[in-house]
Amino acid sequence: GQGVYEQQCLRCHGAKLDGNGPGSQDLIVRPADLRSHTTRSKTDWELLVAISNGVLFSPMHSFRGKLTDQQMLDVLSYIRSTAPPDITS
């Protein structure tokens, strides 16, 4: 998952998953901080839907057809291993 993240997600979400990737400054809507409480409290399903379908009114585009289902699951696993779910909420 880390390799796919680095190829497809890092330019916006950054190496630290903080939404401060090298391409993020050019975006009107900032990429999500994948370490934030808001993102960590989302279910795996919610995050997979965002990866697969994109997010309306944001620069997050759909990866359906660009990544396999397994690659999307691998990216989710990488995100969760780096920024685990917020189980305190």
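This is a predicted model: local features need pLDDT of at least 70, side-chain atom pairs count only at pLDDT 80 or more; totals for chains, interfaces and linings use all residues.

Now show side chains on α5. Which residues of α5 are buried? They are Met-72, Val-75, Leu-76, Tyr-78, Ile-79 and Arg-80. Buried here means under 20% relative accessible area. Look at how they are spaced. An α-helix has 3.6 residues a turn, so residues three or four places apart point the same way.

Next, check the helix axis. α5 covers residues 69-82, 14 residues in total. From first C-alpha to last, α5 reaches 20 Å, close to the 20 Å expected at 1.5 Å a residue.

Zoom out and colour by secondary structure. The chain holds 5 helices and 0 strands. From the N terminus, the order reads α-α-α-α-α.

Switch to the C-alpha trace. Along the principal axes, the C-alpha atoms fill a box of roughly 35 × 25 × 25 Å. The radius of gyration is 12 Å, which agrees with a compact globule of 89 residues, because such a globule would have a value near 12 Å.

Buried residues make up 33% of the 89 in the chain.

Finish with the surface. The chain exposes about 5,600 Å², and carbon and sulfur atoms supply 56% of that area. Colour by charge: there are 9 positive and 9 negative side chains. The centres of the two sets lie 4 Å apart.

Key
Residues are numbered from 1 along each chain as its sequence is written. Side-chain values use heavy atoms; hydrogens and water are left out. Helices (H or I, at least four residues) and strands (E, at least two) are DSSP runs, numbered from the N terminus. The radius of gyration is taken over C-alpha atoms; the globule rule is 2.2 Å times the number of residues to the power 0.38. Buried means under 20% relative accessible area, exposed over 50%, partly exposed in between (1.4 Å probe, protein chains only). Accessible areas come from the Shrake-Rupley method with a 1.4 Å probe; for residues, only the protein chains shown count as cover. Lys and Arg count as positive and Asp and Glu as negative; His and the chain ends are not counted. The place of a charge is taken as NZ of Lys, CZ of Arg, CG of Asp or CD of Glu. The expected span of a helix is 1.5 Å times one less than its number of residues.
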